[in-house]
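Subject: Structure handover

Hello,

Here is the structure for you to look through. My notes follow below it.

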Amino acid sequence: MKQVRAKKSLGQHFLNDEHTADRIAATISGGELPADARQWADIPVLEIGPGMGMLTKYLMATGRELTAVELDTESVEFLSKVYPGLHTLQADFLKMNLDEVYPGKEFAVIGNYPYNISSQIFFRILENRERIPVAAGMLQKEVAERICAGPGGRERGILSVLLQAWYDCEYLFTVEPFVFTPPPKVRSGVLRLTRNSRKDLGCDEADFKAVVKQAFSQRRKTLRNSLAPMLARYEKEVPAEITNMLGLRPEALSVEDFILLTKYLR
């Protein structure tokens, strides 16, 4: 059967390694599952960007309800021939109505994510966190490490803090370029996000996002400098714990630190 042509404009790099595909599928359905993940082991799965279906094959083998979302017309036609029983939607995950696919249901998200929109995909997952208890998959190693970076790590950034406020983020394993067609110029990383128990930040979420984004807008500076426009509006006495934070760079702060800082600046 004619192969699908990888399109640079869509960030397509097709996985061609069976072992890697099996391991990625297992992050939500098998051997890679954490011990406490049984509560979402049977929920429906939404695969983003299946391409030619290398990962799809292993997801279908689990017997779980599976929907594949693919923007590329050529890939959709290929999948319909190779996997005629697969529920495939030609759509853009960033714009599609998720209620039409899973009305009132929780679902898992997985994929070999296009590098050029992977951050946007995870922001969309964050927006739907009450319906997505787990998300896993493969993306550029640098971005995967950034999402999972803890306080003090140089990779830590806006996406790290915002996602870790609501998810436990695990970097699972690294994938080399030679298992793709065409090979990307960078290594890939597989991660898993599992919804944590947090129900509320204890502060206004919009304010929290604003503080995090402002803090990382000048990440090489201390918070006292990067947050200067916000601090200038407040004349109340600065608690010692806030004073200590202001002498640090943003990557040094935990999610709880940013929440405390937001409460002070509200």
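Is E130 buried, partly exposed or exposed? E130 is partly exposed, at a relative accessible area of 49%. Here, buried means under 20% relative accessible area, exposed means over 50%, and partly exposed is in between (1.4 Å probe, protein chains only).

Two points on the source. This is a predicted model, so local features need pLDDT of at least 70 and side-chain atom pairs count only at pLDDT 80 or more, while totals for chains, interfaces and linings use all residues. Residues are numbered from 1 along each chain as its sequence is written, and side-chain values use heavy atoms, with hydrogens and water left out.

Salt bridges

The whole structure holds 14 salt bridges. The term means a side-chain nitrogen of Lys or Arg within 4 Å of a carboxyl oxygen of Asp or Glu.

E130 pairs with R129, and their closest N and O atoms are 3.8 Å apart. R129 is buried, at 13% relative accessibility. Both belong to a network of salt bridges with shared partners, which joins R129, E130, R195, E205 and K209.

R198 and E256 form another bridge, at 2.9 Å from N to O. R198 sits in the loop between β9 (188–195) and α8 (205–215), and E256 sits in helix α12 (residues 255–265), so this bridge ties together parts 58 residues apart in sequence. Helices (H or I, at least four residues) and strands (E, at least two) are DSSP runs, numbered from the N terminus. R198 is buried at 17% relative accessibility. E256 is partly exposed, with a relative accessible area of 46%.

R220 and E251 also meet in a salt bridge, again with 2.9 Å from N to O. This pair links distant parts of the chain, 31 residues apart. R220 is in the loop between α8 and α9 (223–226), and E251 is in the loop between α11 (240–246) and α12. E251 is buried at 9% relative accessibility. R220 is partly exposed, with a relative accessible area of 46%.

Nonpolar cores

A nonpolar core is a set of buried Ala, Val, Leu, Ile, Met, Phe, Trp, Tyr and Cys residues joined through side-chain atoms within 4.5 Å. The largest one has 54 residues. I147, F208, L227 and L261 have the most contacts inside it. Helix α12 gives the most to this core, with 6 residues.

A second, separate core has 27 residues, including A25, I28, Y115 and V190.

Which residues of α12 are buried? They are V255, F258, I259, L261, T262, Y264 and L265. Their cover includes α7 (158–164), α8, α9, α10 (228–231) and α11.

L227 is in contact (heavy atoms within 4.5 Å) with V211, Q214, A215, L246, L261 and L265, leaving aside neighbours within four places in sequence.

N112 lies in the loop between β5 (108–111) and α5 (118–127). N112 is buried, at 16% relative accessibility. Not counting residues up to four places away in sequence, N112 touches H13, L15, I48, G49, L55, M138 and F180. A polar atom of the N112 side chain lies 3.1 Å from the backbone oxygen of H13. The C-alpha atoms of N112 and Q12 are separated by 9.2 Å, with the two residues 100 apart along the chain.

T20 is in helix α1 (residues 18–29). T20 is buried too, at 8% relative accessibility. T20 touches L15, V175 and V179, not counting residues up to four places away in sequence.

Largest pocket

The largest pocket has a volume of about 430 Å³. On a 1 Å grid over the protein atoms alone, a pocket is an open set of points where a 1.4 Å probe fits, with protein on both sides within 12 Å along at least five of seven lines. Lining residues have an atom within 4 Å of a point. The volume is the space filled by probe spheres set on the points, which are joined across faces, edges and corners.

The lining has 30 residues, and L10, Q12, G49, E70 and P114 are the closest to the pocket centre. β1 (14–15), β2 (45–48), α2 (54–60) and β3 (66–70) each supply at least two lining residues.

A cis peptide bond

Most peptide bonds are trans. The bond from T181 to P182 is cis, with omega near -10 degrees. P182 lies in the loop between β8 (180–181) and β9.

Best wishes

Technical notes: A polar contact is a pair of N or O atoms within 3.5 Å; within protein, one must be able to donate a hydrogen and the other to accept it, and residues adjacent in sequence count only if both atoms are side-chain atoms.
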